Amino acid sequence: MNALGSRFLLGFLLAALVIAGGLSYLASPDPDGLDSVTLHGCTVSGTAAGEQLDGTCIAQNATESHTAASPLADYAVGGRDGTTGLAGVIGVLVTALLGRLLFRVLRRPGDGARAPSGAEPGKD
Amino acid sequence: MGAMNTAMHMSDGLVNAPTAAVFGLVAAAGLAIAASRARADLDERTAPMAGLVTAFVFAVQMINFPILPGASGHLLGGALVAILVGPWVGSLCIAIVLVVQALLFADGGLTALGTNITNMALVGTFTGYAIAWALRRFAARSRTGLLVTAFVAALVNTVVASLAFVLEYAVGGAGGAGLETVFALMVGLHVLVGIGEGIITAATVAAVAAVRPDLVYLLRGTRPALTLRTPGTGAAR
């Protein structure tokens, strides 16, 4: 990978880190399109035990995630407020790493032979 | 608790178990085909790009933008990945994001993973790609062409992915709302979400094309009309 290529990929990663780590604090807290539909017909009220849905709506059939006890559940670290950015940065790094691994494994062996000039096979 | 504010994808229980299982098989089969076809699209330049596109989609999905008072939307990413890395690699990118969200962030249920992958990684990505492919000559012609293509592909990918949920609800929905209501609300809201998706997709694709048009899958094999001359870096290419 030449200098321009490396710089481009680094810039792309930095953009993802800034978006997940900083811009995420500006995200709308309102339910998204799907949640708006599944909540249609219910009123949501916060109680000590969590959220209560009054009325009739699809979301009443939703069950809690099996991973609700994950330390990153709900895009917060350890359930602490204000840690969305850190959770986002962790998510970016995990997805980048998994993507890197999967796509490296899937790459056709020997395709370095048709690499453009300047690129070394197996090195990216 | 509090999950309603941060969850973005289908939870467990919205469709019945047989429906969840069927779409789990659909997702598994689709991803297996995608994995075998993705090999041809991966080389020493595109493989690192695909890994970063995956992380970028995760990041941008966190940014819910307002669409109506009390309702928001977020990127699904199908057209974005299809245009940048192709539909086979792209569907795997979205699947990675959905798996990580379900396992680590409790966003989207584990039994709902099949429906979420079907809707966003498969239906969304291939719909976005079909639109973009149909418009590829227009996209290669000018910067405006590429922007319009990305916008339209993303808008349609969002609406059609939302229709996939309506189909799943029609097949085995757990109830709570009538099918016509679900259809009308899903399409209506996702046209608005799709406008945001279109803007984000067009801006991202244009930014990549301005710097590295060779890394835009859709523009491969088309006339390199978008090659920009960056002062001082001509030799590095």
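Trainee: Among contacts in chain A between residues at least 6 apart in sequence, what share joins residues at least 24 apart?

Mentor: In this predicted model, 30% of those contacts in chain A join residues at least 24 apart, where contact means heavy atoms within 4.5 Å. Residues are numbered from 1 along each chain as its sequence is written, and chains are lettered from A and ligands numbered from 1 in the order in which they are written. Because the model is predicted, local features need pLDDT of at least 70 and side-chain atom pairs count only at pLDDT 80 or more, while totals for chains, interfaces and linings use all residues; side-chain values use heavy atoms, with hydrogens and water left out.

Trainee: How do you know that A:Cys42 and A:Cys57 form a disulfide?

Mentor: A disulfide is a pair of cysteine sulfur atoms within 2.5 Å, and the S to S distance between A:Cys42 and A:Cys57 is 2.1 Å, so the pair meets the definition. The structure holds one disulfide over all chains.

Trainee: Why is the disulfide of A:Cys42 and A:Cys57 called left-handed?

Mentor: The torsion about the S-S bond is about -95 degrees, and therefore the disulfide is left-handed. A:Cys42 lies in strand β1 (residues 42-47) of chain A and A:Cys57 in the loop between β2 (50-55) and α3 (84-106) of chain A, so the pair ties together parts that are 15 residues apart in sequence. Helices (H or I, at least four residues) and strands (E, at least two) are DSSP runs, numbered from the N terminus.

Trainee: What makes A:Cys42 and A:Cys57 count as buried?

Mentor: Buried means under 20% relative accessible area, exposed over 50%, and partly exposed in between, with a 1.4 Å probe and protein chains only. A:Cys42 has a value of 13% and A:Cys57 has 1%, so both cysteines are buried.

Trainee: Why are helices α4(B) and α5(B) called oblique?

Mentor: Helix α4 (residues 78-85) of chain B and helix α5 (residues 87-104) of chain B pack at an angle of about 135 degrees, with their axes 7 Å apart. Axes are lines fitted to C-alpha atoms, for helices over the stretch in contact, and angles run from 0 to 180 degrees between N-to-C directions. Angles under 35 degrees count as roughly parallel, over 145 as roughly antiparallel, 65 to 115 as roughly perpendicular and the rest as oblique, and so α4(B) is oblique to α5(B).

Trainee: Which residues of α5(B) meet α4(B)?

Mentor: Among them is B:Cys93, which counts as buried at 0% relative accessibility.
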